[in-house]
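Okay, thanks for coming, everyone. Let me put it up.

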Amino acid sequence: MERLNIPVLLGTAREGRASEGPAKYIHRLLLEKDVESALIDPRDYHEKKTFEKERVQPWADIMKRADGLVIVTPEYNHGYPGPLKEMLDALYEEFARKPVAVCGVSAGMLGGARVVEQVKLVAIELHMCPIRESVYFSDVRNLFNEKGDITDPGFDARCAQMFEELFWFTRALKAGREGVVRE
Ligand SMILES: Cc1cc2nc3c(=O)[nH]c(=O)nc-3n(C[C@H](O)[C@H](O)[C@H](O)COP(=O)(O)O)c2cc1C
């Protein structure tokens, strides 16, 4: 079967961010499943002013080649971080008709449930297909040990369920984009 290409986009550039743990964990799981995947850090793109075209080009190139996307984002005041929105606003056609899984992160118990819903609405406007399954990383500050390993073994199964759905949509939409499915 053809190898899938699904980058992981981290939602925050904040100093001291805890969301890096979940993003790296998801990224590692994708690589273990033989998915081609880049871990995208908004710090590599975020400028004080607006995004410059040349600065965004590597992100555009990655997303153009990608078959789908996973977003791992914290919730800030019940919404999405500015750098995540800027990363999404920087591109358009590169996203079209590709599936996206959205994972939430929070220090509290809800695991970013509210931001996940909001990001899915933005994704629809970008012509993406958000999948239903999400993984919610609650109590994130106690979820990873000093080596960066997750301490709750239940997450592997939750991610596997999300990936099963994401891979199905990734293959189906890839076939559709490549014209295998006729109107
Ligand atoms: C500006 C700001 C707003 C936040 N708002 C929320 C919130 O609305 N809901 C929530 O569960 N956590 C909120 N948090 C706490 C985050 O859940 C916490 O920082 C967690 O570690 C994930 O974000 P991080 O990757 O920035 O560390 C907020 C944090 C910041 C810095």
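Quick housekeeping. This is a predicted model, where local features need pLDDT of at least 70, side-chain atom pairs count only at pLDDT 80 or more, and totals for chains, interfaces and linings use all residues. Residues are numbered from 1 along each chain as its sequence is written, and side-chain values use heavy atoms, leaving out hydrogens and water.

Back to Arg 65. Its salt-bridge partner is Glu 36, with the closest N and O atoms 3.0 Å apart. By salt bridge I mean a side-chain nitrogen of Lys or Arg within 4 Å of a carboxyl oxygen of Asp or Glu. This pair links distant parts of the chain, 29 residues apart: Glu 36 is in the loop between helix H1 (20-32) and strand E2 (39-40), and Arg 65 is in helix H2 (residues 53-65). Those labels are DSSP runs numbered from the N terminus, helices being H or I with at least four residues and strands E with at least two. Glu 36 is partly exposed, at 28%.

Now look at Glu 75 and Arg 114, another salt bridge, with closest N and O atoms 2.9 Å apart. Glu 75 sits in the loop between strand E3 (69-74) and helix H3 (82-89), while Arg 114 is in helix H4 (residues 113-125), 39 residues apart. Here Glu 75 is buried, at 15%, and Arg 114 is partly exposed, at 35%.

How many salt bridges does a search of the whole structure find? The answer is 13. There's also a salt-bridge network linking Glu 2, Asp 67, Lys 174, Arg 177 and Glu 178.

Last stop, the ligand. There are 14 residues around it, and Arg 14, Ala 18, Ser 19, Tyr 76 and Asn 77 come nearest; to be counted, a residue needs a heavy atom within 4 Å. By class, that shell has 5 nonpolar, 5 polar and 4 charged residues. A polar side-chain atom of Ser 19 is 2.4 Å from a ligand oxygen, and one of Tyr 76 is 2.3 Å from a ligand oxygen.

That's my tour, so over to you.

Notes: A polar contact is a pair of N or O atoms within 3.5 Å; within protein, one must be able to donate a hydrogen and the other to accept it, and residues adjacent in sequence count only if both atoms are side-chain atoms. Ala, Val, Leu, Ile, Met, Phe, Trp, Tyr, Cys and Pro count as nonpolar, Asp, Glu, Lys and Arg as charged, and the others, Gly among them, as polar. Buried means under 20% relative accessible area, exposed over 50%, partly exposed in between (1.4 Å probe, protein chains only).
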